[in-house]
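Take a look at the model below and turn it around a few times. We'll walk through it piece by piece, starting with the words we need.

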Amino acid sequence: MANARTLARIAARIKERAAYAIEFEVSDPRATFITITKVEVSGDLSTATIFYSVLGTDGDKSKV
């Protein structure tokens, strides 16, 4: 099991990379106004959960 500092550092890096990918690498016009809010990494580093929010109407949110 990784220590808390390592988990936080890896979660921050995943958050940065996911935000970069959405902004510059995804060419889908529906992927707009998405904000990565939080990343949780499991203790054994096998999985990560990415939380996000979408700005816009309910119709815009359902498209994303």
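Helices (H or I, at least four residues) and strands (E, at least two) are DSSP runs, numbered from the N terminus, and two strands pair if DSSP finds at least two bridges between them. With that in hand, look at the hairpin: strand 1 and strand 2 form it, with 6 residues between them. In the turn sits L45, with a positive phi of about 65 degrees. Strand 1 covers residues 34–41 and strand 2 covers residues 48–54; they run antiparallel and are joined by 7 bridges.

A quick word on what you're looking at. This is a predicted model, where local features need pLDDT of at least 70 and side-chain atom pairs count only at pLDDT 80 or more, while totals for chains, interfaces and linings use all residues. Residues are numbered from 1 along each chain as its sequence is written, and side-chain values use heavy atoms, with hydrogens and water left out.

Now step back to the whole chain. It has 2 helices and 2 strands, and reading along the sequence gives the pattern α-β-β-α. The C-alpha trace spans about 40 × 20 × 15 Å along its principal axes. The radius of gyration (taken over C-alpha atoms) is 14 Å, whereas a compact globule of 64 residues would have one near 11 Å, going by a rule of 2.2 Å times the number of residues to the power 0.38. Of the 64 residues, 16% count as buried; that means under 20% relative accessible area, with exposed being over 50% and partly exposed in between (1.4 Å probe, protein chains only).

K38 lies over the face of F51, at 5.0 Å from the ring centre; for a charge to sit over a ring, NZ of Lys or CZ of Arg must be within 6 Å of the ring centre and within 35 degrees of the ring normal. K38 also forms a salt bridge with E40, their closest N and O atoms being 3.1 Å apart. A salt bridge here is a side-chain nitrogen of Lys or Arg within 4 Å of a carboxyl oxygen of Asp or Glu. K38 is partly exposed at 40% relative accessible area, and E40 is partly exposed at 38%.

How many salt bridges does that rule give? The count comes to 4. Among them is the one between E16 and R13, with the closest N and O atoms 3.6 Å apart. E16 and R13 are 3 residues apart in helix 1, so about one helical turn separates them. R13 is exposed, at 51% relative accessibility. Another salt bridge joins the side chains of R17 and E25, at 3.2 Å from N to O. R17 is partly exposed at 38%, and so is E25 at 45%.

Stay with helix 1 (residues 4–25) for one last stop: Y20 and F24 both lie there, 4 residues apart, about one turn of the helix. The structure holds 1 aromatic pair. In that pair, the rings of Y20 and F24 have centres 4.9 Å apart and planes at 45 degrees, so the pair is tilted. Rings of Phe, Tyr and Trp (its six-membered ring) pair if their centres lie within 6.5 Å; planes under 30 degrees apart count as stacked, over 60 as edge-to-face and the rest as tilted. Y20 is partly exposed at 43% relative accessibility, while F24 is exposed at 53%.
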